[in-house]
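Colleague: Hi! I have a model open and could use a guided tour. Can we go through it together?

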Amino acid sequence: MTESGYWQQIATKARAEQRPFFTMAPMEAVSNTVFRQVISRAAAPDVFFTEFVYAKGITNPKTKFPVHGRLYVAPAESQMPVVQLWGNDPADFASAAVAVKAQGYQAIDINMGCPDGTVIKNHGGSDLIRNPQWAVDVIAAAKSSGLAVSAKTRLGYSKLDEMQTWIPMLLEQHVAVLTVHLRTKQEMSKVPAHFEVIDELIKMRDAIAPETLLQINGDIENYQAGVALAKAHPGLDGIMIGRGVFASPFAFEQQPQPHSLAELLDLLRYQLDLFDDFSQRYDVPRFPSLKRFFKIYARPELGATELRNTMMDAKSTAEVRKILDESPLAN
C-alpha cells in the first residue's frame with residue numbers, strides 16, 4: 001500500500017517559505033484538544049501531535065491505559081493532529097492504524113523515546129531502543145494502513161554512542177519523518193541537548209534514507225531559535241518544540257511581539273472554557289491537571305506571582321474565573 005504524502009506536503013510548503021517546518025511535541029496531559037486550540041489561537045505550528053495513546057487501547061477499551069479523550073479532535077480545530085502511538089505489539093499497531101484512519105487521522109507517529117518508567121515497564125517508549133526488532137515490526141505494522149508513519153526517539157538508551165547503530169537502523173525503515181530528541185533516555189532532561197550531533201544525524205539520513213525528513217527536539221525555545229538552528233545545519237527539515245510552549249504560548253510566533261498580562265490571561269480564560277467543554281464529554285482530565293498551565297499565563301516577570309499562587313488554591317474552573325474577575329491585574 002502506498003504511504004500517504006502527508007509529511008511531504010508539510011515540508012514542501014515550509015521549504016517554499018525558506019524555513020523548517022515546526023511541530024508541537026506530543027506531551028502527556030498537555031497536547032490534547034484543549035491545549036492544541038489554545039496554542040492555535042496564540043500562534044500555531046505547522047503540525048500538532050496528540051498525547052501518547054496506547055496502541056492496544058484503541059481497539060481494546062479494557063486495557064489499563066484507556067484512550068478516553070486522547071483521540072478527540074474538536075470541530076474548531078483546523079487540522080487533524082498526528083496521532084502518537086506507543087506499545088510494542090505489531091498486531092496492536094496494525095489494528096490501531098486502521099481505526100484511526102477511519103476517524104480521519106492522516107498520520108501516525110510511533111513513540112520510541114518516552115523515558116517514563118511506567119511506559120518502559122510496559123515495553124513502550126525508550127524500551128524499543130533496547131529491543132530494535134520491536135521497532136522494526138511496529139513500524140511495518142503501522143505502515144500497513146497506508147497512513148504516513150513517523151517515529152520519535154532519543155539518541156540512545158544509556159549511552160550517546162548507541163546512536164551509531166540505533167539511528168541507522170531506524171532510517172533503514174524509511175519512515176516519513178524521524179524526530180530525534182537530542183538526549184539519551186538516561187539523561188532525561190537533566191543535561192543540555194546534544195546539538196553537536198545534528199550534522200552527524202543529517203549525514204546518516206542522507207546516506208541511508210534521503211527521502212526521510214529529519215526533525216530535532218530538545219532545548220529549542222521558540223520559532224526564532226528553530227530557524228537559526230536549521231540555518232546552522234543545512235539539511236535539517238523540521239523543528240519540534242515541547243517545553244518551549246510553557247515558556248510562552250507564543251513560541252511559534254514568526255514575528256515575535258510583546259504580549260501583555262491581560263492578553264495571556266484572556267488565553268487562560270479561553271482554556272478554562274475549552275476545558276469545561278471537554279470535561280462534559282470525557283471524565284478526564286480532572287481540574288488539578290489544569291494547574292500546571294497557570295504558570296504559562298500568570299508570569300512572575302509581569303508581576304503575577306501572587307495571582308498565580310491564589311489560582312493554585314482554587315478547586316474549580318469557576319473559582320479561577322472568579323479570581324480573575326476580581327483581580328485588578330486581569331482587567
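Colleague: Let's start with α9, residues 198-208. Which residues of this helix are buried?

Modeller: In α9 the buried residues are Ile-198, Leu-201, Ile-202, Met-204 and Arg-205. Here buried means under 20% relative accessible area, exposed means over 50%, and partly exposed is in between, using a 1.4 Å probe and protein chains only. Helices (H or I, at least four residues) and strands (E, at least two) are DSSP runs, numbered from the N terminus.

Colleague: And where do those buried residues of α9 sit around the axis?

Modeller: Looking down the axis of α9, the buried residues fall within an arc of 160 degrees, so they line one face of the helix. That arc is taken from the directions from the helix axis to the C-beta atoms. Lys-203 and Ala-207 are exposed on the face turned away from the buried side of α9.

Colleague: What covers the buried residues of α9?

Modeller: The cover includes α8 (163-171), β6 (177-181), β7 (213-217) and α10 (223-232). Contact means heavy atoms within 4.5 Å.

Colleague: Before we go on, what kind of model is this?

Modeller: This is a predicted model, in which local features need pLDDT of at least 70, side-chain atom pairs count only at pLDDT 80 or more, and totals for chains, interfaces and linings use all residues. Residues are numbered from 1 along each chain as its sequence is written, and side-chain values use heavy atoms, with hydrogens and water left out.

Colleague: Good to know. Now α4: how far apart are its end C-alpha atoms?

Modeller: They are 19 Å apart, which agrees with the 18 Å that the 13 residues of α4 (90-102) should span at 1.5 Å a residue. The expected span is 1.5 Å times one less than the number of residues.

Colleague: Which residues of α4 are buried?

Modeller: Asp-92, Phe-93, Ala-96, Ala-97 and Val-100 are buried in α4. They cover an arc of only 130 degrees around the axis, which puts them on the same side of α4. Val-98 and Ala-102 are exposed on the other side of α4. Among the elements covering the buried residues of α4 are α3 (55-59), β3, β4 (107-112) and α7 (132-143).

Colleague: Switching topic: how much space lies in the largest pocket?

Modeller: The largest pocket holds about 1000 Å³ of space. Rolling a probe the size of a water molecule over the atoms shows where empty space is left. On a 1 Å grid over the protein atoms alone, a pocket is an open set of points where a 1.4 Å probe fits, with protein on both sides within 12 Å along at least five of seven lines; lining residues have an atom within 4 Å of a point. Grid points are joined across faces, edges and corners, and the volume is the space filled by probe spheres set on the points.

Colleague: How many residues line the largest pocket?

Modeller: The lining has 41 residues, and Pro-26, Met-27, Glu-28, Phe-52 and Pro-115 lie nearest the centre of the largest pocket. β5 gives the largest share of that lining, 3 residues. By type, the lining of the largest pocket has 17 nonpolar, 12 polar and 12 charged residues. Ala, Val, Leu, Ile, Met, Phe, Trp, Tyr, Cys and Pro count as nonpolar, Asp, Glu, Lys and Arg as charged, and the others, Gly among them, as polar.

Colleague: What about the second largest pocket?

Modeller: The second largest pocket has a volume of about 270 Å³. It is lined by 19 residues, with Ala-247, Ser-248, Phe-250, Gln-257 and His-259 nearest its centre. Its lining divides into 9 nonpolar, 6 polar and 4 charged residues.

Colleague: Now the backbone. Which peptide bond is cis?

Modeller: The bond from Val-284 to Pro-285 is cis, with omega near -5 degrees. Pro-285 is in the loop between α12 (261-281) and α13 (294-297).

Colleague: And what is the phi of Gln-18?

Modeller: Gln-18 has a positive phi of about 55 degrees although it is not a glycine. Gln-18 lies in the loop between α1 (6-16) and β1 (21-24), and counts as exposed at 73% relative accessibility.

Colleague: Last one: is Ala-25 buried or exposed?

Modeller: Ala-25 counts as buried, at 4% relative accessibility. Ala-25 is in the loop between β1 and α2 (33-43). Leaving out residues up to four places away in sequence, Ala-25 touches Ser-31, Phe-49, Met-240, Ile-241 and Gly-242.
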